[in-house]
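This report describes selected local features of one protein model. Please keep the sequence and the structure in view while reading.

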Amino acid sequence: MGTTAFRLYEGELGLRLALDQTAMTNDIDIASFERLSLALGDSVSPPLQEVFDAFDFAPIPSADRNRTWRWRQASTETMIEFLTPSIEEAEGLRDLPALGVSAQSLHFLDYLIADPIPAAAVYRNGILIRIPRPERFAIHKLIVSDRRKDGPDSLKARKDLLQAEYLIHVLSEDRPGDLADAYADVLSRGPRWREHIEHSLSRTPITRERLARAINGD
């Protein structure tokens, strides 16, 4: 998820991102469905805690001392965060038994991580991973940008909107059908979803026009 996934769309979409578009935030976001983790009835081997220790990642204390969902690497300040969709009103911490960690639950995340696609991260011989579909990533960034714009992560809100604008521009040209379907899906999910989308599109009229063209098949 996040900028780490955004960079991997170069291969998926056959494009070349500029340096400012791929500027890292030192965050690596990993998401999983809580119910899927419960249903697996399995665990990773070796345990993630051993992997984090080997790469000098230390747990960051949370409000719940019995649960850890973030780790930071001292030498690089890189942070790994585990996230999961929130199915309750409160966005609290949830357990992911299959991974042996906890995760911060977030509203709207279920839309982003549904039906992911395979990708390869460049590290040694390559690492096979799964990332969000680019059209879902773009639309979700409109939501996230609006949620962040007045909070402690307001500086990230602009980056979110820029990534949404860029992907929507590319997809409206190359995959308008996929983009139109993803947009129709999110609008059907309720007033809170539509409100966040509308607020972000009011800040980027050209993106609104591109979405309209994709929907109309222009």
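Which residues of strand 3 (residues 70–73) lie on its covered face, and which on its uncovered one? The covered face holds Trp71 and Gln73, whereas the uncovered face holds Arg70 and Arg72. In a regular strand the side chains alternate between the two faces of the sheet.

The model is predicted: local features need pLDDT of at least 70, side-chain atom pairs count only at pLDDT 80 or more, and totals for chains, interfaces and linings use all residues. Residues are numbered from 1 along each chain as its sequence is written, and side-chain values use heavy atoms, with hydrogens and water left out.

**Strand 3 and its partners**

Helices (H or I, at least four residues) and strands (E, at least two) are DSSP runs, numbered from the N terminus. Two strands pair if DSSP finds at least two bridges between them. Strand 2 (residues 57–59) runs antiparallel to strand 3, and three bridges join them. Within this pairing, Phe57 stands opposite Gln73 in strand 3. Strand 3 also pairs with strand 4 (residues 79–85), again in the antiparallel sense and over three bridges. Here Arg72 has Met79 of strand 4 as its bridge partner. The hairpin of strand 3 and strand 4 has five residues between the strands, and in it Glu77 takes a positive phi near 65 degrees.

**Positive phi values**

Most residues other than glycine have a negative phi, and most peptide bonds are trans. Phe108, although not a glycine, has a positive phi of about 75 degrees. Phe108 is found in the loop between strand 6 (101–106) and helix 5 (109–113). Is Phe108 buried or exposed? Its relative accessibility is 4%, so Phe108 counts as buried (buried means under 20% relative accessible area, exposed over 50%, partly exposed in between, with a 1.4 Å probe and protein chains only). Asp115, another residue other than glycine, has a positive phi near 55 degrees and is placed in the loop between helix 5 and strand 7.

**Salt bridges**

How many salt bridges does a search of the whole structure find? The search finds 17, where a salt bridge is a side-chain nitrogen of Lys or Arg within 4 Å of a carboxyl oxygen of Asp or Glu. The table lists some of them.

| Salt bridge | N to O distance |
|---|---|
| Asp95 and Arg67 | 3.2 Å |
| Arg133 and Asp115 | 3.6 Å |
| Asp160 and Lys141 | 3.0 Å |

In the salt bridge of Asp95 with Arg67, Asp95 lies in strand 5 (residues 93–96) and Arg67 in the loop between strand 2 and strand 3, so the pair ties together parts that are 28 residues apart in sequence. Asp95 is partly exposed, with a relative accessible area of 35%, and Arg67 is partly exposed as well, at 25%.

Asp115, described above for its positive phi, meets Arg133 in a salt bridge. This pair links distant parts of the chain, 18 residues apart: Arg133 is in the loop between strand 8 and helix 6 (134–148), and Asp115 is in the loop between helix 5 and strand 7. Arg133 has a relative accessible area of 22% and is therefore partly exposed.

The salt bridge of Asp160 with Lys141 joins two helices: Asp160 lies in helix 7 (residues 154–174) and Lys141 in helix 6, so the pair ties together parts that are 19 residues apart in sequence. Asp160 is buried, with a relative accessible area of 0%, and Lys141 counts as buried at 8% relative accessibility. Elsewhere, salt bridges that share partners join Asp110, Arg136, Asp185 and Arg189 into one network.

**The surroundings of Thr204**

Thr204 is found in the loop between helix 9 (191–201) and helix 10 (205–216). With a relative accessible area of 3%, Thr204 is buried. Which side chains make polar contacts with the side chain of Thr204? One is the side chain of Glu165, at 2.9 Å, and another is that of Thr207, at 2.8 Å. A polar contact is a pair of N or O atoms within 3.5 Å; within protein, one must be able to donate a hydrogen and the other to accept it, and residues adjacent in sequence count only if both atoms are side-chain atoms. Not counting residues up to four places away in sequence, Thr204 touches Leu161 and Glu165 (contact means heavy atoms within 4.5 Å).
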